[in-house]
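Subject: Structure for you to look at

Hello,

Here is the structure I said I would pass on. My notes on it follow below.

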Amino acid sequence: VQSFLASSRAAGMARGEFRVGALNQIAQLTPEGAADTSFFVRNVCADMKLWTGSGEDFEDLFSVHKQKGGAKLNENSCSSALLIGYGPFRFFTGGDVNGRMLDADGNSYLYDEKIGQVVGRVTIAKANHHASPDSMSEAFVTALRARNYLVNVWHPVHINDTTMSRMASGGAERVYATYIPPEDEALIASAAWRTVLDPRGGHVVIRVTDGGKRYNILRLSAENESMVVTACDRYSVSR
């Protein structure tokens, strides 16, 4: 990271602030240099500041939580989240967002529930906090109604009955885990959601085509650095 920062500064690049609520602070350009209006990146949240869903406005949820005497929150709640769109295709990634907060009346609520309300329906979502049991609330999953979920797995708890059941009952057609820990094999074998979980493992690459109307989810081998494509699932986007 330090090497990248040094080389980027040498190239004249400057570090910029992640502006919550901003639309196309991260922008795609066509080869001709003109903005592609069918593509967008919305900065949804960061540091417990959340886009309101209107324009580029945001609200500081942490300040309210602190004013109401709320408990200290861990760094997971500070994660940045993005909503990426291309035509009808929508992809959400929210890092490790989780946790409970207090509203202006002192009532407790789930942070990801608020996020789901402004994000709405998506095509694919990366599961928050590795799909750990303290994340991916029922309200969040219901709001997103994602067709596919991606789960970055490095611990047996990342595949669990709580969040897998929520994603399956929330309409997920396929959940792509990067790894299946041997400790989870017995759980998966007897679970009602086992047919939703893709057991193949490996890196996951998404390629969106036809103006966002179609996408492929590719599996790449994680056995070595060859990145051999081991599988390809094809989907059409319906919204």
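This is a predicted model: local features need pLDDT of at least 70, side-chain atom pairs count only at pLDDT 80 or more; totals for chains, interfaces and linings use all residues.

Residues are numbered from 1 along each chain as its sequence is written, and side-chain values use heavy atoms, with hydrogens and water left out.

Strands first. Helices (H or I, at least four residues) and strands (E, at least two) are DSSP runs, numbered from the N terminus. Two strands pair if DSSP finds at least two bridges between them. S1 (residues 39–46) and S4 pair antiparallel over six bridges. S1 is also joined to S2 (residues 49–51) by two bridges, again antiparallel, with Ala46 partnered by Lys49 in S2. Two residues separate the strands of the S1 and S2 hairpin, where Asp47 takes a positive phi near 55°. Eight of the eight residues of S1 are buried, so the strand is largely enclosed by the rest of the structure. Buried means under 20% relative accessible area, exposed over 50%, and partly exposed in between (1.4 Å probe, protein chains only).

S4 (residues 81–86) runs antiparallel to S5, with five bridges, and Tyr86 has Phe89 of S5 as its bridge partner. These two strands form a hairpin with two residues between them, and Gly87 in the turn has a positive phi of about 60°. In S5 (residues 89–93), four of the five residues are buried. S5 pairs with S8 in the parallel sense over three bridges; Phe91 stands opposite Ile124 in S8.

The loop between S8 (124–126) and H4 holds Asn128. Asn128 is buried, at a relative accessible area of 0%. Leaving aside neighbours within four places in sequence, its contacts (heavy atoms within 4.5 Å) include Phe92, Gly94, Asp112 and Phe140.

Last, helix H5 (residues 161–169). Thr163, Met164 and Met167 are buried there. They lie on the same side of H5, because they cover an arc of only 100° around the axis, taken from the directions from the helix axis to the C-beta atoms. The buried residues of H5 pack against H4 (138–144), S9 (148–151), S10 (174–177) and S11 (197–198). At the N-terminal end, Asn160 caps H5, with a side-chain oxygen 3.1 Å from the backbone nitrogen of Thr162.

Regards

Conventions. A polar contact is a pair of N or O atoms within 3.5 Å; within protein, one must be able to donate a hydrogen and the other to accept it, and residues adjacent in sequence count only if both atoms are side-chain atoms.
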